[in-house]
Amino acid sequence: MEHGKGSKVERDPVLATGLLALSKRLGRRGLDLQAVFEGIAESVFELLPLASHLAIELTDGSEGKMATVFGTTRKTDTKADAKPEPKREPPSDGKPALPIRASRAVIRRVLSERAAVLIANAPQDLAGAASIMGARIQSIIGVPLWDGDEIRGVIQCDNRSSAAMFRERDLEV
């Protein structure tokens, strides 16, 4: 870091306030993993108001394979105490609800680049990915979950209504 310049968090009081709220929210969740995941989702939806869906993938530890451990949609209720909706998307066209999952294409990109990724126009940039097309995902952010030098998971948040909903600044959150 350059002398005389603070971190992005130090220079952005809104981001700092959001991260403090996240820390407090997770601290109150205790050891209930489902409650921690819900707290993460609430915080992500608060910090990224254009995100509509969130999935958390974690490695199984032994083989390093990723599996979705949590998925949710943004609750449309605007109350301050609103919780994320259940893990399944609402049925459409009479088809059964599908679980919210992270895209394998996004996970591969996060793992290969070893960094957060922003895909502003998913149908164009990931045209061959069936999960992107099937879920009608428009814009995506994928963020690695680090344990030292190892990536132990990925948080994917997306928007399914419009492309280019996320910006580079959103990766900093």
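Author: A residue counts as buried when its relative accessible area is under 20%, and as exposed when over 50%, with partly exposed in between. The model here is predicted. At 15% relative accessibility, Arg-160 therefore counts as buried.

Reader: With which residue does the side chain of Arg-160 meet in a salt bridge?

Author: The partner is Asp-158, at 2.9 Å from N to O. Asp-158 is buried as well, with a relative accessible area of 2%.

Reader: How many salt bridges does the structure hold?

Author: There are 3. One of them joins Arg-104 to Glu-57, whose closest N and O atoms are 3.1 Å apart. Arg-104 belongs to helix H4 and Glu-57 to strand E1, so this pair ties together parts 47 residues apart in sequence. Another links Asp-147 with Arg-152 at 3.3 Å, N to O.

Reader: Is Glu-57 buried or exposed?

Author: Glu-57 is buried, at 0% relative accessibility, whereas Arg-104 is partly exposed at 39%.

Reader: Which strands are joined to E1 by bridges?

Author: Strand E2 (residues 66-73) runs antiparallel to E1 and is joined to it by 7 bridges. Strand E5 (residues 150-159), also antiparallel to E1, is joined to it by 6 bridges. Glu-57 stands opposite Thr-68 in E2 and opposite Val-154 in E5.

Methods. Residues are numbered from 1 along each chain as its sequence is written. This is a predicted model: local features need pLDDT of at least 70, side-chain atom pairs count only at pLDDT 80 or more; totals for chains, interfaces and linings use all residues. Side-chain values use heavy atoms; hydrogens and water are left out. Two strands pair if DSSP finds at least two bridges between them. Helices (H or I, at least four residues) and strands (E, at least two) are DSSP runs, numbered from the N terminus. A salt bridge is a side-chain nitrogen of Lys or Arg within 4 Å of a carboxyl oxygen of Asp or Glu. Buried means under 20% relative accessible area, exposed over 50%, partly exposed in between (1.4 Å probe, protein chains only).
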